[in-house]
There are 2 protein chains.
Amino acid sequence: MRQEILDLIAERGLDAGDKLDAESALSKRFGVSRPTVREALKSLEQEGVLNAVQGQGRFISSMGSLAVERPITRYESITEVLTALGYEIVTAVLGVAEGEATAVEAKALRLEEGAPVIRLARIRYGNDEPLVVNLNTIVRDALPGSPAHRDWSASLTSALEAHGHHITSSVARITATELPPEFVQRHALSDLGPWLLVQETCLTTSGRRVLYAEDYHRGDAIAFNVLRHR
Amino acid sequence: MRQEILDLIAERGLDAGDKLDAESALSKRFGVSRPTVREALKSLEQEGVLNAVQGQGRFISSMGSLAVERPITRYESITEVLTALGYEIVTAVLGVAEGEATAVEAKALRLEEGAPVIRLARIRYGNDEPLVVNLNTIVRDALPGSPAHRDWSASLTSALEAHGHHITSSVARITATELPPEFVQRHALSDLGPWLLVQETCLTTSGRRVLYAEDYHRGDAIAFNVLRHR
């Protein structure tokens, strides 16, 4: 819903101070209930995209007028990010293996060093271009059963959800980097330029850390937006 | 105040579920008024770092337990970012010139293409290492007088403030990139690896866009943190 409203703002080219359609009109347009619309509008207000003026309606803020397409404060799966950017996605699984948590993984996931984990390496292609290299470390018991019987090209978020682990937030670190050299060599990924690295610990609704991901996003294809306040 | 509290959490190694000192104790510890402490605590609650429990106090959240040192959602000058990371800062001014807004600058600053601007290029060094390349475009009339009479190595935020332009927010786009090649050549900045590019339009309290900055942060030295929610 939130995205649909942002799309509408972009589509209409609404600018700072322009008025957004009333709740009732949006509810009708998108065929969803008014509470659903209201919740999305509230979230956009909190993000600073909309200003509500008592008795007058909601207006595009001076910040919201710059479309915040992929706000980095929003937890989204890579599938969601790439789909929203208009890419056709294909996923290549490069490897999946059981292993023991390294110091870095243990710290991120609040495990003992050496605790059992599953490691999954994938490339996400958009329109046949490699766009995201996605290295995951999953707490072993969050996905029971033999790794051999799963389709690892499918959504990891959904697989975790099927076991009751609903990821609703994450703590992420963002920087610019190259791909790990051994990885570049093994998978012929040289000359794709700098990558935006998001190192992310994902938390479930109950606060459990089940997934640590290192996502390398092609800098020449993917950017994130953010509203910053003093 | 906010930073002092985050430092205290980091110093004590407080973890998810740990209780933070009471307002009164923090006020005493830092020698500031309780309203000041309360405001900082509120902002940390909003960021999801602290959870307030009615009648019991404030607790470190599961997300806050991972220290969010440089939250990307916080508008900070480069000076603030680098100082907080413990660097001794030196600023080299590479060039300052009056010019006419390009299409990109005009769009970011809501000017007519060709409108008068000031362009300022700087390198910020931390402990003698070039860490941030900072390219600014300033709306010409925001800083009256001849550019020749200003000390451009000083804080640009402060200079704008002295003319009544208080920057309190920004809209930023983040990606990974190389430095512009002509810039690398002219200023001998090769082989410093990938850069985290933040393209940022800064807004004053009155919503005016006075500054557009392209900041290239050394990926091997600078990272930002963010809490993400579904």
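Two strands count as paired when DSSP finds at least two bridges between them. The views below show a predicted model.

**View 1. Strands β1 and β2 of chain B pair in the antiparallel sense.** Strand β1(B) covers residues 50-53. Strand β2(B) covers residues 57-60. Four bridges join β1(B) to β2(B), so the pair meets the rule of at least two. B:V53 stands opposite B:G57 of β2(B).

**View 2. Strand β6 of chain A pairs with β9(B).** This pairing joins chain A to chain B in the antiparallel sense. Residues 167-177 of chain A make up β6(A). Six bridges connect β6(A) with β9(B). At one position, A:S170 stands opposite B:R228, a residue of β9(B).

**View 3. A salt bridge joins A:R228 and B:E200.** The closest N and O atoms of A:R228 and B:E200 are 2.7 Å apart. Between chain B and chain A the count is two salt bridges. Three elements of chain B each give two or more residues to the side that touches chain A: β6 (167-177), β7 (195-204) and β9 (224-229). Of the elements of chain B, β6(B) gives the most, with eleven residues. By class, this side of chain B has 19 nonpolar, 15 polar and twelve charged residues.

**View 4. The interface of chain B and chain A, seen as a whole.** Contact involves 46 residues of chain B and 46 residues of chain A. The size of an interface is often given as the accessible area lost when the parts come together. Here the area buried between the two chains is about 4000 Å². Carbon and sulfur atoms give 50% of that area. The rule finds 16 residue pairs in polar contact across the interface, with both residues at pLDDT 80 or more.

**View 5. Chain A is divided into two parts, domain 1 and domain 2.** Domain 1 spans residues 2-60. Domain 2 spans residues 78-218. Taken over C-alpha atoms, the centres of domain 1 and domain 2 of chain A are separated by 33 Å.

Key:
Residues numbered from 1 in each chain as written. Chains lettered and ligands numbered in written order. Predicted model: local features only at pLDDT ≥ 70, side-chain atom pairs only at ≥ 80, totals over all residues. Heavy atoms only, no water. Contact = heavy atoms within 4.5 Å. Buried area = accessible area lost by both parts, 1.4 Å probe. Salt bridge = Lys/Arg side-chain N within 4 Å of Asp/Glu carboxyl O. Polar contact = N/O pair within 3.5 Å; in protein donor to acceptor, adjacent residues only side chain to side chain. Nonpolar A, V, L, I, M, F, W, Y, C, P; charged D, E, K, R; others polar. Domains from an automatic or database assignment.
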